[in-house]
Amino acid sequence: MKSLRIIANVAIVGAIVTLVPATAAMAAGSGDTTATFTLVGGSLDVTAAAGAALTDGAPGAASVAGSLGAVSVSDTRGSTAGWVLSAASTTFVDGAGSVSTGVSYDSGATTGSTGTVTPTSTGSTSITAVAPVAAGTLASGNNTASYTPTLTVELPSSALAGDYTGTVTTSVA
């Protein structure tokens, strides 16, 4: 008797499974639509202070130094490409013909960053020719980084008293 009841229950379950179609969730006559979109990348830019007054020195000083103010990198390309911050300087000259003998740039540690990026500094670097001074690595998506670099201008012992002027060009690629 018990065997007949089990056989009857199995038969009922089998009948129910047979009545439910495998594609019950799909309506007849359906269609697929492939949707696409593009994320348009932006640009890689750097901003630097328009002017900076370094710390004054005395004739005979081996060098003068000071802050160049804020330098900020903005990367809105939306990629994994990192960036390299570079700098170059002209010779510093005064009105009497004295000239600097070297210029170095130290970006220092980052003062802030956003997004996914690892900002680094190369430390004190001669920039009498274009040279890398900082970098952003391990980037992913949009990111920013800011620095407050220190500029050091080396002078000969024969440097004359006067007002010296030079130009530092900062770029990012």
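Student: Why does serine 107 count as buried?

Tutor: In this predicted model, serine 107 has a relative accessibility of 1%, and because buried means under 20% relative accessible area, serine 107 counts as buried.

Student: What makes the pairing of the side chains of serine 107 and serine 121 a polar contact?

Tutor: The two side chains come to 2.8 Å, and since a polar contact asks for a pair of N or O atoms within 3.5 Å, with one able to donate a hydrogen and the other to accept it, the pair is counted as a polar contact. The side chain of serine 107 also reaches the backbone oxygen of valine 133, at 3.3 Å.

Student: Which residues is serine 107 in contact with, leaving aside its neighbours within four places in sequence?

Tutor: They are Ser121, Val133, Ala134, Tyr147, Thr148 and Pro149.

Student: How many residues does the largest nonpolar core have, and which have the most contacts inside it?

Tutor: The largest nonpolar core has 25 residues, and those with the most contacts inside it are Trp83, Leu85, Tyr105, Ile127, Leu151 and Val153. At least two residues of this core come from each of strand 3 (71-75), strand 4 (83-89), strand 5, strand 8 (131-147) and strand 9 (150-154), and strand 8 gives the most, with six residues.

Student: What does leucine 85 contact, beyond its neighbours within four places in sequence?

Tutor: Among the contacts of leucine 85 are Val46, Val71, Tyr105, Val133, Tyr147 and Val172.

Technical notes:
Residues are numbered from 1 along each chain as its sequence is written. This is a predicted model: local features need pLDDT of at least 70, side-chain atom pairs count only at pLDDT 80 or more; totals for chains, interfaces and linings use all residues. Side-chain values use heavy atoms; hydrogens and water are left out. Buried means under 20% relative accessible area, exposed over 50%, partly exposed in between (1.4 Å probe, protein chains only). Contact means heavy atoms within 4.5 Å. A nonpolar core is a set of buried Ala, Val, Leu, Ile, Met, Phe, Trp, Tyr and Cys residues joined through side-chain atoms within 4.5 Å. Helices (H or I, at least four residues) and strands (E, at least two) are DSSP runs, numbered from the N terminus.
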